[in-house]
Amino acid sequence: MSEPLPTPDTGSAPLKGTSRRATEARFAVFWGAPPALWQAAFFLVPLGFLVAMTFWSVKNFRLTPDATLANWMFILNAGFFRNAYVYTFWLSALTAAIASVAAFPAAYTLAYKVSPAVRRFMIFMLVVPFFTSYPVRIYSTQIFFSPQGIINTVLVPLGLGPLHVLNTPTGTVVGYLVLTLPLVVLLQTFALANVPRILIEAAHNLGCGRLRTIWTVIIPSARIGLIVAGTFAFVLAFGDYVAPTYLGGSKPPTLSILIADQVKSGNNWPRASVVAVMMIVTLMVVMLVMIGFAYGRRKEKA
Amino acid sequence: MATPMIELDRVAKHYGNHAAVADVSFTIEKGEFVALMGPSGCGKTTTLRMIAGLDQPTSGEIRLWGRRLNEDAPWERDAPLVWQSYALFPFLSVRRNVEFGLKQRGLPAAERRKKADEWMERLGIASFAERGVDQLSGGQRQRVALARALALEPEMLLLDEPLSALDPHLRVRMQSELVRLHRELGITFICVTHSHSEAFAMADRVVIMNEGRIQQIGAPRDIHRRAANRFVAEFVGGNNIFTGTARFEDDGSIALAGLVGTVHAPAPMEGGIVTGGAATLVVPADRIELAGTSTGAGNEVQARVVTVEFVGSTVTVFLETEGGCELRAQRSLHEMENTPLAVGQPVVARWSPQQGFFLPG
C-alpha cells in the first residue's frame, strides 16, 4: 500500500503552552488514524473506483475509461437483473426472519436458563463454526442433502423422501442459515443477557407470566440487539455467493451470481459494477431503515 | 387465635454454603405497617423477595391466610413490589407503566384507563401521564412505581428501600406520604430499610435482622426502650452501653462496676444476671441529663465534654470520664441554649436508675 503511515507529531511539539484539550485531540488523532487510513485505502478508494467504473465501457473485451450511462440503462432495464434483485432480496429477508425466529429460543436459553459456565462453553461452541472456512461448510452441507446423503438415506426408507433441497431456493436458504444462524444466536444472546433482570422480575411481580413476559418486556427491552442481529443476517445473505452457487445451483441467479456472470462472460466489469453499486446502495438503505426502527421512538401500542 | 395474614415459619434461604436467611419466623396481621430492618446482607431483602415469590425458600413455609404460598409463582401472587431502583419499563409511558399490572389481569382498556387515571391523580403524576419514564426525576419515578403497584389494589404492598434513592428533603416528604397512604388504604405494608429512623418513623412494628436471623420484633418504642441484645442496642443508635461486673443490692436492684464507675439499674425480669458475673447496661442517650454540680441522687458520672454535635433541634454531647469511658447525652437545642457547653468543660452526667436497663443474659 502506498498510503503514508501516520506520523506521531506529539513527540517533537513542545508541551508547554499547548492546552490539555489539544493534547487530547492529538491523542485521538494518533490512535484513530490507522483504522481511518485503512478504511480509506481498502474501502473508500475501491468504492470510488467501483462507482467510476460503472460509467466506463468495454470495447473488444477491453475496459476503456468513458462517461456513459449505457451500463446503468442496460442493467436497470434488464429483466434478469430485476428478477435477481427481487429474488435475492426476498431470500435474504426470509433468511433474516427464519434465523431470528429460530435463534430466539436458543438465545433465550443461553441468556437465562443456563449457568454462566455452560453459557461460556456454548458461546465458545457457537464460534467454532467460524474456525472452518465457509465454503468448506457449504460443501459438507451439500453432501448432507445429496440424493445418497445422510438425510435421504434415513428419510427414504421411512417413506418420507427423497428430500429435494439441492439446486432449489430452499438449498440457498439452508446455506444462508449455515452462514448466519450461529452469529444471530450469538448476537441475540448478548442482547437478551443485557436486558435488566429487574425488569423481568417486575413483570412477574405485576402478574405477567413467563411467556407473556417475553412479548411484553424482554423483546421490547432487547429490541436494538434483536434488530441488529436480524439485519446482520440479511446483510450477510444478500451478498453471499457460495450458498446460492453450490446449494442453490445458480438457478435462478442471485445478484452476486450476476456479478460473477458479467465478469466471466464478456469481461463486463462496468455492468458488474452497476450490480455491485446497486447492492451497496440497497444494503445502506436497509441498514438505515433498520437502525431507524431500532433506535427510533417507538409508537406505543396498547 | 385467628389466622394471621402472613406467616413465615422457620424460613431459610441458602446460596451454596451461605445462608442469606438462616431461620426466620414471624407473623404479620392485616393492615399492619411492618419494617424489616438491619444492616446490608442481613437477609431483609431476601425475606421480602421470598414473600413476593421472586426467591424460593430453601426450607420453611410462607403462608398467606394459612395457605402455603411457597409453590405459587410470583405472577400468581398479589404482592406488588416497589423497587429501590423503581424498575419502571423504559419503553412504556407513565400511563402504560401504571396500567401494566391491570392489563395482565385482563381488565378491559376503558377500565384500565380509568383506574390508572385515578391512581396517577392520587399520587400527583397525572400531568405527565403520556411522558416516557426517562424524562422523570427520581421522586416522580418513585410515584409512578407506587401507582403501578397500588393500581392493582392489592392486600399487601412490598417496599424495598423505598426512600434510599431520594434526596434528603424528598425522603422526609415521601416518608409521611407513605404513612398517610398506609392509613388511608388500610392494606398491609412491608418495608425493607437499613435506616432505623425510617423504620421507627413509619412502621407499627419493626423486625430487626442480622446475619439471617431475627434479633428483635416489636413496636419502635419498645425496641428503643428495651433492646433485646447488644446488636439491637447498638444498631438502633442513641444508646450508651456499659459493661462491668454485677452485684445485687439489698433493694433488688443491680449495681454495675465498670469503666464508667459504679451505677445502678433495676434487675431484669428475665433474670440471667448473678452477683460477680458480667453484665451489660443500656442507658438511652436522651435520658442522660447534664449538670454543673453533683447532687448525690441517682446515677452520677463525672466527665468532660469532648464534642458537641447539632443535628436539627437535637444536640448530642459526647463525654469522656477520667477512666476513659465514653458517654453521650442527647438534649434539645432549646435546653442547651440556656446552658452553653465548652469543649473540655467538666460536667456531671446524671440519670435515674429506672431509665437504664440490663440486657438479658
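Residues are numbered from 1 along each chain as its sequence is written, while chains are lettered from A and ligands numbered from 1 in the order in which they are written. In this predicted model, local features need pLDDT of at least 70 and side-chain atom pairs count only at pLDDT 80 or more, whereas totals for chains, interfaces and linings use all residues.

**Exercise 1. Determine how helices α10 and α13 of chain A are arranged, and which residues join them.**

Step 1. Helices (H or I, at least four residues) and strands (E, at least two) are DSSP runs, numbered from the N terminus. Helix α10 of chain A comprises residues 223-239, and helix α13 of chain A comprises residues 269-295.

Step 2. Axes are lines fitted to C-alpha atoms, for helices over the stretch in contact, and angles run from 0 to 180 degrees between N-to-C directions. The two axes come within 9 Å and cross at roughly 170 degrees.

Step 3. Angles under 35 degrees count as roughly parallel, over 145 as roughly antiparallel, 65 to 115 as roughly perpendicular and the rest as oblique. α10(A) and α13(A) are therefore roughly antiparallel to each other.

Step 4. Contact requires C-beta atoms, placed from the backbone, to lie within 7 Å. Residues of α10(A) in the contact include Ile227(A), Phe234(A) and Phe238(A), and those of α13(A) include Leu283(A), Met287(A) and Phe293(A).

Step 5. Ala, Val, Leu, Ile, Met, Phe, Trp, Tyr, Cys and Pro count as nonpolar, Asp, Glu, Lys and Arg as charged, and the others, Gly among them, as polar. The contact of α10(A) with α13(A) has 14 nonpolar, 2 polar and 1 charged residues.

**Exercise 2. Describe the open sheet of chain B that has the order β15-β19-β16-β17-β18.**

Step 1. Two strands pair if DSSP finds at least two bridges between them. The sheet has 5 strands with antiparallel pairing.

Step 2. Its edge strands, each pairing on one side only, are β15 (289-291) and β18 (326-332) of chain B. The twist averages 45 degrees from one strand to the next.

Step 3. Strand β16 (residues 299-311) of chain B pairs with strand β19 (residues 346-351) of chain B over 6 bridges. Gln302(B) has Val348(B) as its bridge partner, and Val301(B) has Ala349(B).

Step 4. β16(B) also pairs with β17(B) (residues 314-321), in the antiparallel sense, over 8 bridges; here Ala303(B) stands opposite Thr321(B). These strands form a hairpin with 2 residues between them, and Gly312(B) in the turn has a positive phi of about 60 degrees.

**Exercise 3. Describe the open sheet of chain B with the order β13-β12-β11-β14-β20.**

Step 1. This sheet has 5 strands, and the pairing is antiparallel. β13 (261-266) and β20 (357-358) of chain B are the edge strands.

Step 2. Strand β12 (residues 253-258) of chain B is joined to β13(B) by 6 bridges. Leu256(B) stands opposite Val263(B) in β13(B).

**Exercise 4. State the domain assignment of chain B and the composition of its contact with chain A.**

Step 1. An automatic or database domain assignment supplies the bounds: domain 1 is 6-225 and domain 2 is 238-358. Their centres, taken over C-alpha atoms, are separated by 39 Å.

Step 2. The contact between the chains takes 19 residues from chain B and 16 residues from chain A. On the side of chain B, helix α2 (residues 94-104) gives the most, with 4 residues.

Step 3. By class, that side of chain B has 13 nonpolar, 4 polar and 2 charged residues.

Definitions and conventions
Contact = placed C-beta atoms within 7 Å.
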